[in-house]
Amino acid sequence: MKIAIVTDKSREKLIPLVEAQAEDNQKMQTVMAITEILSQKYECIELTADENIITSLKDEKVDLVFNLCNGIEGYSKLAQFPAMLEFANIPYTGSSILGHALAINKIFASTVFKSKNIPTPGFVSIDSIKDLDDVDMEFPILVKPSDEGSSRGIHQDSLVFNKEELVNKVKDSLHTYTPPIMLNEYIDGREFSIGIIGNGDQATTLPIQEVDLSELPEGLLKFNSFEVKSTYKPHVKYHFPARITDEEKELIESAALKAFKSLLLRDYARVDIILKDKVPYVLEINSLPGLMKTKSSLFRMAEVTDLGYEGLVFKIVDEARKRYGI
Ligand SMILES: Nc1ncnc2c1ncn2[C@@H]1O[C@H](COP(=O)(O)OP(=O)(O)O)[C@@H](O)[C@H]1O
Ligand SMILES: [Mg+2]
C-alpha cells in the first residue's frame with residue numbers, strides 16, 4: 001500500500017509572519033515524523049497540495065492520503081482538499097468535507113453544539129463593526145477569529161473588558177482574519193483537551209489532558225493565547241491524569257464524544273473544553289488536530305497509553321482503511 005503524506009503551501013503572505021512561520025515549522029516537523037513512522041510499514045511519499053495534486057497522486061498510484069492540509073484561504077479551507085480527493089475517489093485519513101467545513105468555523109460548530117444541547121460559551125457573530133451596536137454580552141469578552149487554530153488571532157489583548165477595547169480589537173480582527181469574527185463569553189474555569197479516536201459507536205477518548213495555566217508569569221491573562229503557546233509554553237503544565245473526579249471525567253468525555261458525533265467527524269479529533277461549575281463548555285473541536293511529535297496534545301495523550309505516538313499514527317491509518325475497506 002502506498003501512502004502520500006500531504007500538507008499545504010505556506011500562508012506567509014496571508015497571515016501575520018510569525019504565525020505563518022510557527023505554522024510552517026509545525027507542518028514540516030509533523031510530516032517528517034509521520035513519514036518516518038509510516039515508512040516502517042508502507043511505501044510513503046511526501047507531497048504539497050496545489051492545483052495539480054490529483055494528477056500527482058494518480059501518477060504516483062497512491063492508495064491512501066494522510067491528510068495534513070489545513071487549507072490556505074476561504075470559508076471552507078479545511079474542506080477543500082478532502083473535496084478534491086472525494087471528487088477524484090482517493091481515500092484519505094480523517095474527517096469528511098462536511099465535518100471539516102463545520103468544525104473549522106467556530107460559529108457554525110457552536111450553533112450545532114447549541115442545537116444538540118452540548119454546552120458551549122455564549123457567542124455572537126460579527127461581520128462588520130456596525131454589528132457591535134446590537135451586542136448584549138457581559139464583559140469580559142474574548143474576541144476570536146471564527147476559523148483559525150493554534151490560537152492564531154487569539155492574543156492577550158483579545159480578552160476585552162470594555163466597549164472601547166472591544167471596538168478596537170474587532171476592527172483589528174476584521175482586518176486580519178476572515179469574517180465573521182466571533183465574540184465569546186469568557187468562561188473562567190479549568191481547561192481540558194480530549195483526544196478522540198475511532199468512528200461511530202466505536203469512537204473512544206484518549207486520556208484527558210488538563211491544561212494548567214496557573215504558573216504563567218505575573219501580568220499574563222490566564223488563557224491559552226498565541227503568546228502563551230509561542231513564548232510562555234514552558235510555564236504551561238499538562239497534567240496526566242487530569243486532576244478531576246470520576247463524575248467530572250464522565251461529564252467531560254461525554255460532552256467531547258457528543259461534539260465529535262454532532263459534526264459527523266471521522267477517525268480522530270481533539271476537543272477543547274473548559275469546566276466550570278460542573279458544566280463542560282465545549283470551546284471548539286479540532287477536526288484536523290495537530291500531530292506534531294513531542295509538542296502536540298495528541299502526542300502527549302497517546303504517550304500515556306500503550307499506543308504511544310507511533311501507535312496513534314498507525315491507528316489513524318487503520319481507522320481510515322477500515323472505513324474504506326482497503
Ligand atoms: N470562551 C472562552 N473562555 C475562556 N477561555 C477561552 C474561551 N475560548 C477560548 N479560550 C482560550 O483560548 C484558547 C484558544 O481558543 P480556541 O477556541 O481553542 O482556539 P484555537 O482554535 O486557536 O485553539 C483556549 O485554549 C482557551 O485557553
Ligand atoms: Mg483550541
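Biologist: Before the ligand is discussed, which residues count as nonpolar, charged or polar?
Modeller: Ala, Val, Leu, Ile, Met, Phe, Trp, Tyr, Cys and Pro count as nonpolar, and Asp, Glu, Lys and Arg as charged. The others, Gly among them, count as polar.

Biologist: How do the residues of the shell around ligand 1 divide by class?
Modeller: In this predicted model, 19 residues surround ligand 1, and the closest are Pro 121, Asn 184, Ile 187, Phe 223 and Asn 224. Elements giving two or more residues to this shell are β5, β7, β12 and β13. By class, the shell holds eight nonpolar, five polar and six charged residues.

Biologist: Is α3 roughly parallel or roughly antiparallel to α4?
Modeller: Helix α3 (residues 77-87) packs against helix α4 (residues 97-104) with axes 8 Å apart and an angle of about 175°. Angles over 145 degrees count as roughly antiparallel. Therefore α3 is, relative to α4, roughly antiparallel.

Biologist: Which residues of α10 make the contact with α1?
Modeller: The axes of α1 (residues 17-38) and α10 (residues 308-324) come within 10 Å and cross at roughly 80°, which means that the two helices are roughly perpendicular. On the α1 side the contact involves Ile 34, Ile 37 and Leu 38. On the α10 side it is made by Glu 310, Val 313 and Val 317.

Conventions:
Residues are numbered from 1 along each chain as its sequence is written. Chains are lettered from A and ligands numbered from 1 in the order in which they are written. This is a predicted model: local features need pLDDT of at least 70, side-chain atom pairs count only at pLDDT 80 or more; totals for chains, interfaces and linings use all residues. Axes are lines fitted to C-alpha atoms, for helices over the stretch in contact, and angles run from 0 to 180 degrees between N-to-C directions. Helices (H or I, at least four residues) and strands (E, at least two) are DSSP runs, numbered from the N terminus. Angles under 35 degrees count as roughly parallel, over 145 as roughly antiparallel, 65 to 115 as roughly perpendicular and the rest as oblique. Two residues are in contact if their C-beta atoms, placed from the backbone, lie within 7 Å. A residue is near a molecule or strand if its C-beta atom, placed from the backbone, lies within 6 Å of it.
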